[in-house]
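Here is a quick tour of one chain for anyone who likes their cut-offs spelled out. Have a look at the sequence and the 3D view, then read on.

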Amino acid sequence: MKPDERGQISIEFILILGAVLTMAIVVIPMVLKSAEMNRGVTAARDGATKGAAMRGLGFSSGSGNVAGVVKIINMTPIFQDNSTYPDTDWYLLRFYVSIPDNMPSSSVCGTIAAQARSNLRNAFTGAYNTSGAAVSGSYYTFTTGCVDAN
């Protein structure tokens, strides 16, 4: 080894290590934010599916226990202006639902939205508590809504 080449491997290692650490510091927050959005949307979709299945089988807290086919047609995340939780992005997860004419649409939509919020709360806090209109994570705040698509 020539005297002027001593220490070259350690300098190259430090440069490569610095580049890798810089990329990791940039990428990790984006991955965490994406994972939280995925967890929220998945939990809300699963809860809405559960609510639609319950109402389709005739389960209701009221006196009108009517069975019918309740279909979730689409779910759309809608970005909302946020003044309540300024540190997070606020999303309304709106479900478009096909409800039979013999079932009360406001009651069915209420059940679907409540089940979606319940699953969201469980995904982020570990409890099936339905109190409150919004569920907050580290990066996002979610709330749910339902529209009869008929």
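## A covered strand

In this predicted model, strand β4 is mostly covered, with seven of its nine residues buried. Buried here means under 20% relative accessible area, exposed means over 50%, and partly exposed is in between (1.4 Å probe, protein chains only). Strands (E, at least two residues) and helices (H or I, at least four) are DSSP runs, numbered from the N terminus.

A word on the ground rules: it's a predicted model, so local features need pLDDT of at least 70 and side-chain atom pairs count only at pLDDT 80 or more, while totals for chains, interfaces and linings use all residues. Residues are numbered from 1 along each chain as its sequence is written, and side-chain values use heavy atoms, with hydrogens and water left out.

## The sheet around β4

The four strands make an open sheet in the order β1-β2-β4-β3, and the pairing is mixed. β1 (71-80) and β3 (135-136) sit at the edges with a single partner strand each, so one side of each has no neighbour in the sheet. Two strands count as paired if DSSP finds at least two bridges between them.

On one side, β4 pairs with β2 in the parallel sense over nine bridges; Trp90 stands opposite Thr141 of β4. On the other, β3 and β4 (residues 140-148) run antiparallel and are joined by two bridges. Those link Ser136 to Thr141 and Val135 to Phe142.

Glu36 belongs to helix α1 (residues 8-56). Leaving aside neighbours within four places in sequence, Glu36 is in contact (heavy atoms within 4.5 Å) with Phe124, Gly137, Ser138, Tyr139, Tyr140 and Phe142.

The salt-bridge count comes to one: Lys33 and Asp89 meet through their side chains at 3.6 Å, N to O. Lys33 lies in helix α1 and Asp89 in strand β2, so the pair ties together parts 56 residues apart in sequence. Lys33 is partly exposed, with a relative accessible area of 30%, and Asp89 is partly exposed too, at 25%.

## The whole chain

Zooming out, the chain has two helices and four strands, running α-β-β-α-β-β from the N terminus on. Its C-alpha trace spans about 90 × 30 × 30 Å along the principal axes. The radius of gyration is 24 Å, whereas a compact globule of 150 residues would come in near 15 Å. That value is taken over C-alpha atoms, and the globule rule is 2.2 Å times the number of residues to the power 0.38.

Of the 150 residues, 31% count as buried. Among contacts between residues at least 6 apart in sequence, 62% join residues at least 24 apart.

How values were computed
A salt bridge is a side-chain nitrogen of Lys or Arg within 4 Å of a carboxyl oxygen of Asp or Glu.
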